[in-house]
Amino acid sequence: MSFTYESSSIGIAWNGIDLSKGLAADSFLTIEPLEERKSFTFGCDGRKVSSKMANRGATITLTLQQTSETNGLIAGIAALEDVIGAPPIISNFEVTDSVGGTALFIAIGAELSTTSAQEYGAAVSEKSWSF
């Protein structure tokens, strides 16, 4: 059995907003768990006990080309929260694969946590946002 992966077939959405336009040239999405799924302890007799951790949280980092219109959408949401005082958007963050036809990842209750640094230089760079 073989599978096909196409980076252009990866869909990324948060609060129903398509965030998959203008993705970075290389690694564009990183999902890193906040802690390990399980922890293990061994008694003096060598008996192993595993504990399933309750924290299923993750940090999601989305990296876009500096010129992506998606940067404006995310920056606008951050401005609504920071400048106007709008309540934070807490919504599902979904990653799908239209070629494979599957949901690759769903985070329930994701919210924007880190805005992108501002960097300007001779050539185009990238902007990263964390949820």
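Welcome! Our tour starts at the largest pocket, whose lining is made up of nine nonpolar, three polar and four charged residues. Keep in mind along the way that the model you are looking at is predicted.

**Stop 1: the largest pocket**

The volume of this pocket is about 260 Å³. To find its centre, select Pro33, Arg56, Gly57, Ala58 and Phe105, which are the closest to it of the 16 lining residues.

Now colour the strands around the pocket. Strand 3 (29–33), strand 6 (58–65) and strand 8 (102–110) each give the lining at least two residues. Which strand supplies the largest share of the lining? Select strand 8: six residues of the lining come from there.

**Stop 2: a nonpolar patch on the surface**

Next, select Leu80, Val83 and Ile84 and show their surface. Together these residues make a nonpolar surface patch of about 330 Å². Zoom in on Ile84, which you will find in helix 1 (residues 69–84). Is Ile84 buried or exposed? Ile84 counts as exposed because its relative accessibility is 62%, and the cut-off for exposed is over 50%.

**Stop 3**

Most residues other than glycine have a negative phi. Asn15 is not a glycine, yet its phi is positive, at about 55°.

Note on methods:
Residues numbered from 1 in each chain as written. Predicted model: local features only at pLDDT ≥ 70, side-chain atom pairs only at ≥ 80, totals over all residues. Heavy atoms only, no water. 1 Å grid on protein atoms, 1.4 Å probe; cavity = no way out; pocket = protein on both sides within 12 Å on 5 of 7 lines; lining within 4 Å. Points joined across faces, edges and corners; volume = space filled by probe spheres on them. Helix = DSSP H or I, 4+ residues; strand = E, 2+ residues; numbered from the N terminus. Nonpolar A, V, L, I, M, F, W, Y, C, P; charged D, E, K, R; others polar. Patch = residues over 30% accessible without salt bridge, like charges linked within 9 Å, V, L, I, M, F, W, Y side chains within 5 Å. Areas by Shrake-Rupley, 256 points an atom, 1.4 Å probe, with all protein chains shown as cover. Salt bridge = Lys/Arg side-chain N within 4 Å of Asp/Glu carboxyl O. Buried < 20%, exposed > 50% of the residue type's maximum accessible area, 1.4 Å probe, protein only.
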